[in-house]
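Dear colleague,

Please find below the structure that I am handing over to you. My findings follow directly after it.

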Amino acid sequence: HCSPGEFLKNRIRRIYPTFWASIAFVLVVRLITILIVSPEFAQKWPQYSMAEWFGIASLLQHFTPDGLWYTRFGQVNGVYWTLAVEFQCYLVLAVAMWFPRYFYRIVACLAIACLPFALSMPYFLMSAQWGSCIPYWPWFASGVGAFWLLEKGLHPQRIFSRHVPQAAVTYFAIVSGLLLLMALTSPAIRNHMAVRFLFACMTAVGIWVASDSDTGPTNNSGT
């Protein structure tokens, strides 16, 4: 078991150094492209002030009101906004860890409270635009739920015995089939919020099915 402070330190060490290295790599590649391929690519060089670069490096840029929430890191690498959401979820987990007796209850209650923001497109867009993790918390909590099953000793081996590999292969085959079916459906169905939440839950179940009881979780950090 680790303390909330140790948990956050581990998350920071896991996220930020790799994140900063990624920023450096992106900038070096763009600079090489400008120097070797075409000077015209200089127009795509990130146009940020020092304060904005600090926001980028600290992930605080995600809370700026400029543009849509998923475009606020776009001049460097558009996917960085997901790290900002992920780290917020870790902060929430760290706070919940101060109350170990009620840890999972806190996570579950927050998931229920945030569920309308995950299932309703207007609420989703509103809360996501704030830069918050609110609409994504139920998705994140589904992974914590898989962790809870493992921590309680409810490993796949207890249900499938020695047939866990076959069960895992069957499950992922079913999921792959459903994803292919979704890809062939209309965008209205494919992008429905309930479908996205279902996919998050299916991913959590996949993590549980593919888990190894011999290397199960040893703390209540939720990750």
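The structure holds 0 disulfides, a disulfide being a pair of cysteine sulfur atoms within 2.5 Å. For cysteine 114, the closest cysteine sulfur is that of cysteine 133, at 7.0 Å, which is too far for a bond. Cysteine 201 has cysteine 114 as its closest partner, and their sulfurs are 14 Å apart, again too far for a bond. Cysteine 114 is buried, with 12% relative accessibility, whereas cysteine 201 is partly exposed at 26%. Here buried means under 20% relative accessible area, exposed over 50%, and partly exposed in between, with a 1.4 Å probe and protein chains only.

Please note that this is a predicted model, in which local features need pLDDT of at least 70 and side-chain atom pairs count only at pLDDT 80 or more, while totals for chains, interfaces and linings use all residues. Residues are numbered from 1 along each chain as its sequence is written, and side-chain values use heavy atoms, with hydrogens and water left out.

The largest nonpolar core has 39 residues, of which Leu93, Phe103 and Trp137 touch the most other members. Such a core is a set of buried Ala, Val, Leu, Ile, Met, Phe, Trp, Tyr and Cys residues joined through side-chain atoms within 4.5 Å. At least two residues of this core come from each of helix H1 (4–37), H3, helix H4 (103–119), helix H5 (121–129) and helix H6 (137–151). H3 provides the largest share, 9 residues. Another core, of 6 residues, lies apart from it and includes Ala146, Ala168, Trp208 and Val209. Helices (H or I, at least four residues) and strands (E, at least two) are DSSP runs, numbered from the N terminus.

Two helix pairs deserve mention. The axes of H4 and H6 come within 8 Å and cross at roughly 150°; axes are lines fitted to C-alpha atoms, for helices over the stretch in contact, and angles run from 0 to 180 degrees between N-to-C directions. H4 and H6 are therefore roughly antiparallel, given that angles under 35 degrees count as roughly parallel, over 145 as roughly antiparallel, 65 to 115 as roughly perpendicular and the rest as oblique. Among the residues that meet are Phe103, Val107 and Cys114 in H4, and Trp137, Val144 and Trp148 in H6.

H1 and H3 pack at an angle of about 170°, their axes being 9 Å apart, and are therefore roughly antiparallel as well. Phe7, Ile15 and Phe19 of H1 are among the residues making this contact, as are Phe87, Tyr90 and Leu93 of H3.

The loop between helix H2 (50–58) and helix H3 (81–96) contains histidine 62. Histidine 62 is buried, at 0% relative accessible area. Leaving aside neighbours within four places in sequence, its contacts (heavy atoms within 4.5 Å) are Trp69, Arg72, Phe73, Trp81, Ala84, Val85, Gln88 and Gly131. Leucine 59 also lies in the loop between H2 and H3. Although leucine 59 is not a glycine, its phi is positive, at about 75°. With 4% relative accessibility, leucine 59 counts as buried.

Finally, glycine 177 is located in helix H8 (residues 164–184) and is partly exposed, with a relative accessible area of 39%.

Yours sincerely
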